[in-house]
Amino acid sequence: ETMASTASKYLSRHPDKLLIGLVGGDHVKTKHGIPSRVERILGNLGVPNARTASVALNPSWKLYSQSKTLVKLKTLDKERKKGNNLV
């Protein structure tokens, strides 16, 4: 909860900024992970359009998530080249 609270405080004070957190897989892989907590906290603070994305830096690593879809870097790059913005 501390990491999510700290990130949420920063984002609520700087709504025009993008925050990138490098954390281990266990911190993002369930609906109780940092991304879901940040969205919940920002929503409770009334921050509009609060959303997060998780990106695996190790392509062989499998991330199981009940609350978020894993964005693979190769897929993101392919979509960006097509003109699609997934994040």
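Predicted model: local features only at pLDDT ≥ 70, side-chain atom pairs only at ≥ 80, totals over all residues.
Visitor: Which elements does the chain have, and how do they run from the N terminus?
Guide: The chain holds 3 helices and 2 strands, and, read from the N terminus, these elements follow the order α-α-β-β-α.

Visitor: Now the inside: which residues make up the largest nonpolar core?
Guide: That core has 7 residues, namely Ala4, Ala7, Leu11, Ile34, Val38, Ile41 and Leu42; the elements giving two or more residues to this core are α1 (2–13) and α2 (34–44), with α2 giving the most, 4 residues.

Visitor: What is alanine 4 in contact with, leaving aside its neighbours within four places in sequence?
Guide: With those neighbours set aside, alanine 4 is in contact with Ile34, Arg37, Val38 and Ile41.

Visitor: Switching to the outside, which residues form a nonpolar patch on the surface?
Guide: Leu18, Ile20, Leu22, Val55 and Leu57 form such a patch, and together they have about 610 Å² of accessible area.

Visitor: Where is valine 55 placed, and why does it count as partly exposed?
Guide: Valine 55 lies in strand β1, which covers residues 54–56; it counts as partly exposed because its relative accessibility is 38%, and that class runs between the cut-offs of 20% for buried and 50% for exposed.

Visitor: Last one: what share of the chain's contacts with a separation of 6 or more comes from residues 24 or more positions apart?
Guide: Such residues account for 51% of those contacts.

Conventions: Residues numbered from 1 in each chain as written. Heavy atoms only, no water. Patch = residues over 30% accessible without salt bridge, like charges linked within 9 Å, V, L, I, M, F, W, Y side chains within 5 Å. Areas by Shrake-Rupley, 256 points an atom, 1.4 Å probe, with all protein chains shown as cover. Salt bridge = Lys/Arg side-chain N within 4 Å of Asp/Glu carboxyl O. Buried < 20%, exposed > 50% of the residue type's maximum accessible area, 1.4 Å probe, protein only. Contact = heavy atoms within 4.5 Å. Core = buried A, V, L, I, M, F, W, Y, C linked by side-chain atoms within 4.5 Å.
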